[in-house]
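This report goes through one structure by topic. Please keep the sequence and the 3D view at hand while reading.

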Amino acid sequence: FAKTTKYAEEPRPSGGLQVVEAQELILLQCIEKLAGFLDACRKVPVPQQWIGSSVMLAFDSLADLSQEVLSGGDVTRVHIFDWGRSELNTPTKHEMLSEEE
């Protein structure tokens, strides 16, 4: 968010956003995308073991920070990376696990 402070020094176009308003919309987009990811995780039929994975929240700090652009939802990204020691658990594999596992 530090990069968005450069917009505080520039004159605001008519109907433009304050820096804090743009930051709020960016954060809201990240939260909505993260919520979508969590919803998808809840729909997986068997538990998964994700060890060492990371979540990245990013946005294009050079993008036009107008209300129209930020409302489109394309300036933010949420990605999962570095799967580490994670492994995909399938329903068949899950059924073969013992009670202890």
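## Largest pocket

In this predicted model, the residues that line the largest pocket are P47, Q48, Q49, E87, N89, K93, H94, L97, S98 and E101. Sorted by class, this lining comprises two nonpolar, five polar and three charged residues. The space in the largest pocket comes to about 230 Å³.

## Overall architecture

The chain has three helices and two strands. Read from the N terminus, its elements follow the order α-β-α-β-α.

The chain has 101 residues, and 21% of them count as buried. Of the contacts in the chain between residues at least 6 apart in sequence, 72% join residues at least 24 apart.

## Helix α1

Helix α1 takes in residues 19–42, which is 24 residues. At 1.5 Å a residue, α1 should span 34 Å, and its end C-alpha atoms lie 35 Å apart, so the two values agree.

Which residues of α1 are buried? They are V19, A22, I26, Q29 and C30. The cover over the buried residues of α1 includes β1 (54–59), α2 (67–72) and β2 (76–81).

## Nonpolar core

Six residues make up the largest nonpolar core: L17, A22, I26, L65, L70 and V75. Setting aside residues up to four places away in sequence, A22 touches L17, L65 and L70. As a general point, nonpolar side chains in soluble globular proteins tend to be buried together.

L17, a member of this core, sits in the segment before α1. Why does L17 count as buried? Its relative accessibility is 15%, and the cut-off for buried is under 20%. L17 and Q67 are 50 residues apart in sequence, yet their C-alpha atoms are 6.6 Å apart in space.

## T76 in strand β2

T76 belongs to strand β2, one of the elements that cover the buried residues of α1. Is T76 buried or exposed? T76 is buried, because its relative accessible area is 0%.

T76 and L28 are 48 residues apart in sequence, with 9.6 Å between their C-alpha atoms.

Definitions and conventions. Residues are numbered from 1 along each chain as its sequence is written. This is a predicted model: local features need pLDDT of at least 70, side-chain atom pairs count only at pLDDT 80 or more; totals for chains, interfaces and linings use all residues. Side-chain values use heavy atoms; hydrogens and water are left out. Helices (H or I, at least four residues) and strands (E, at least two) are DSSP runs, numbered from the N terminus. The expected span of a helix is 1.5 Å times one less than its number of residues. Buried means under 20% relative accessible area, exposed over 50%, partly exposed in between (1.4 Å probe, protein chains only). Contact means heavy atoms within 4.5 Å. A nonpolar core is a set of buried Ala, Val, Leu, Ile, Met, Phe, Trp, Tyr and Cys residues joined through side-chain atoms within 4.5 Å. On a 1 Å grid over the protein atoms alone, a cavity is a set of points where a 1.4 Å probe fits but cannot get out, and a pocket is an open set with protein on both sides within 12 Å along at least five of seven lines; lining residues have an atom within 4 Å of a point. Grid points are joined across faces, edges and corners, and a volume is the space filled by probe spheres set on the points. Ala, Val, Leu, Ile, Met, Phe, Trp, Tyr, Cys and Pro count as nonpolar, Asp, Glu, Lys and Arg as charged, and the others, Gly among them, as polar.
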